[in-house]
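Good morning, and thank you for coming.

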Amino acid sequence: MQNTAECVVIGGGVVGSAIAYGLAKRGVKPVVLDEGDNAIRSSRVNFGLVWLHSKGDGMPAYGFWTRRSADIWQQFSDELKDETGVSTHYVKSGGLNYCLSEAEFETRSETIRRMREQAEKDPYEARIIDRAELMQLMPRAQLGYEVLGASYGPHDGTCSPLFLLHALHAGLKKHGADYRPNSPALTVKPVAGRFEVHTASGVISTPKVVLAAGHGNMPLEKSLGFDVEIIAERGQILVSERVAPMGILPANGVRQTAEGTLLIGTTNEEVGYDVSTTPKASAAMVQRAVRVFPAIAGVRIVRTWAGLRTLTKDECPVYEESERYPGAFIATCHSGVTLAAVHANDLAAAIHQGKLGPDIEPFHGRRLI
Ligand SMILES: Cc1cc2nc3c(=O)[nH]c(=O)nc-3n(C[C@H](O)[C@H](O)[C@H](O)COP(=O)(O)OP(=O)(O)OC[C@H]3O[C@@H](n4cnc5c(N)ncnc54)[C@H](O)[C@@H]3O)c2cc1C
């Protein structure tokens with residue numbers, strides 16, 4: 001099948017889908033190629049945090065970019081709901097990072113202080129709160145005696161990552177994008193100022209291609225002049241049976257979903273592409289969650305899984321247009337859920353215009369060489 005398209009987005013995870021949705025809203029009709037169930041798909045295994053307060057340590061531009069996303073997430077979510085009928089379950093509740101010892105309290109305080117100093121204008125507005133303030137914030141929660149306090153980020157929130165992906169797929173199709181599941185891009189070749197994207201069912205010729213396939217970028221990127229290393233980091237998560245609303249704010253170790261289940265996580269493990277779960281990690285995560293909320297000790301865990309983060313060397317996003325082959329773009333990041341709003345808006349607009357402007361320039365991969 002010989003085919004042409006205004007634009008081809010390779011990857012239908014949350015990053016590629018948010019960009020494709022944003023392009024489609026701007027009148028482009030991209031073809032979105034997505035691999036099947038065998039692919040690594042971080043978008044379907046994550047914790048669903050829309051999280052600002054620990055982002056950008058060492059790279060303030062990432063803090064501002066994330067704040068921009070947090071600021072427009074509600075509008076983005078409302079728009080998706082209006083257009084597709086699918087709710088992302090987004091709630092901007094504020095978020096916590098618990099401190100269970102003096103040492104943890106000091107380390108968190110130092111991190112927050114350092115991040116505020118690095119950014120000329122503080123995008124986080126995160127602060128350290130003590131146990132008394134924590135109890136005021138969550139009057140119904142029964143905190144364990146070891147909880148000394150937490151860092152608190154007022155712009156943090158949560159969504160359902162699966163509903164987000166579902167809404168993006170529905171939204172991009174509604175705006176005329178052509179989503180093709182089980183259609184991996186096999187190779188991409190620059191040919192006479194255009195690109196030929198080879199698939200099992202034919203070649204698509206396009207003047208613009210966006211590589212947003214997570215770990216799947218690496219086999220394709222060199223032919224487009226990119227050299228972005230993506231590192232796999234395993235994260236394990238547990239989910240419990242449904243329990244009555246606990247009146248707790250989300251934290252990066254435990255949160256309650258809209259359905260009532262508790263999500264407990266996550267690990268940070270460098271084990272290559274191994275997505276096994278381990279009893280040792282499950283036990284450690286549950287023990288810490290129980291130290292924060294002793295009342296959950298009897299709650300049953302119903303499932304556990306592991307996924308792979310898509311990390312760059314400094315854990316910040318990379319967005320680039322190829323210098324050798326203009327018209328080819330690459331987008332990869334950790335925190336694709338958090339950044340979905342800014343990807344669908346600012347990044348999609350920049351790719352549409354064919355110019356990644358000053359807000360996006362700091363994310364060029366040359367900083368990692
Ligand atoms: C345990 C864990 C917890 C996390 N928690 C959070 C969180 O709370 N908040 C947050 O913001 N982020 C979180 N993340 C990170 C987030 O999940 C990722 O940043 C995001 O999913 C990356 O999306 P992606 O689209 O780049 O990659 P993926 O989701 O991996 O999608 C890549 C897509 O590309 C497709 N693909 C691959 N190769 C090809 C090819 N050749 N042709 C066509 N398609 C191809 C795949 O099928 C896949 O659908 C977490 C990640 C993990 C692992």
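This is a predicted model: local features need pLDDT of at least 70, side-chain atom pairs count only at pLDDT 80 or more; totals for chains, interfaces and linings use all residues.

Around the ligand there are 37 residues, and those that come nearest are Asp 34, Ser 43, Leu 49, Gly 336 and Thr 338; a residue is near a molecule if one of its heavy atoms lies within 4 Å of it. Residues are numbered from 1 along each chain as its sequence is written, and side-chain values use heavy atoms, with hydrogens and water left out.

Which residues make polar contacts with the ligand, that is, pairs of N or O atoms within 3.5 Å? Leu 49 places a backbone N or O atom 2.8 Å from a nitrogen atom of the ligand. In the side chain of Glu 35, an N or O atom is 3.0 Å from a ligand nitrogen atom. For Gly 48, a backbone N or O atom lies 3.3 Å from an oxygen atom of the ligand. The ligand taken alone exposes 1000 Å², and the protein buries 96% of that; these areas come from the Shrake-Rupley method with a 1.4 Å probe.

By class, the shell consists of 17 nonpolar, 16 polar and four charged residues; here Asp, Glu, Lys and Arg count as charged, Ala, Val, Leu, Ile, Met, Phe, Trp, Tyr, Cys and Pro as nonpolar, and the others, Gly among them, as polar. At least two shell residues come from each of helix H1 (14-25), strand E14 (231-242) and strand E17 (301-311), and E17 gives the most, with four. Helices and strands are DSSP runs, of at least four residues (H or I) and at least two (E) respectively, numbered from the N terminus.

Let me turn to the domains. The division is into domain 1 (2-80 + 161-230 + 314-368), domain 2 (95-154) and domain 3 (231-311), with bounds from an automatic or database domain assignment. Why does the ligand lie between domain 1 and domain 3? Both domains give residues to the shell around the ligand, so it lies between them.

Between domain 1 and domain 3 the buried area, meaning the accessible area (1.4 Å probe) that two parts lose on being put together, summed over both, is about 1600 Å², and carbon and sulfur atoms give 64% of it. Val 45, Phe 47 and His 334 supply 38% of the area that domain 1 buries against domain 3, more than any other three residues.

Conventions
A polar contact is a pair of N or O atoms within 3.5 Å; within protein, one must be able to donate a hydrogen and the other to accept it, and residues adjacent in sequence count only if both atoms are side-chain atoms.
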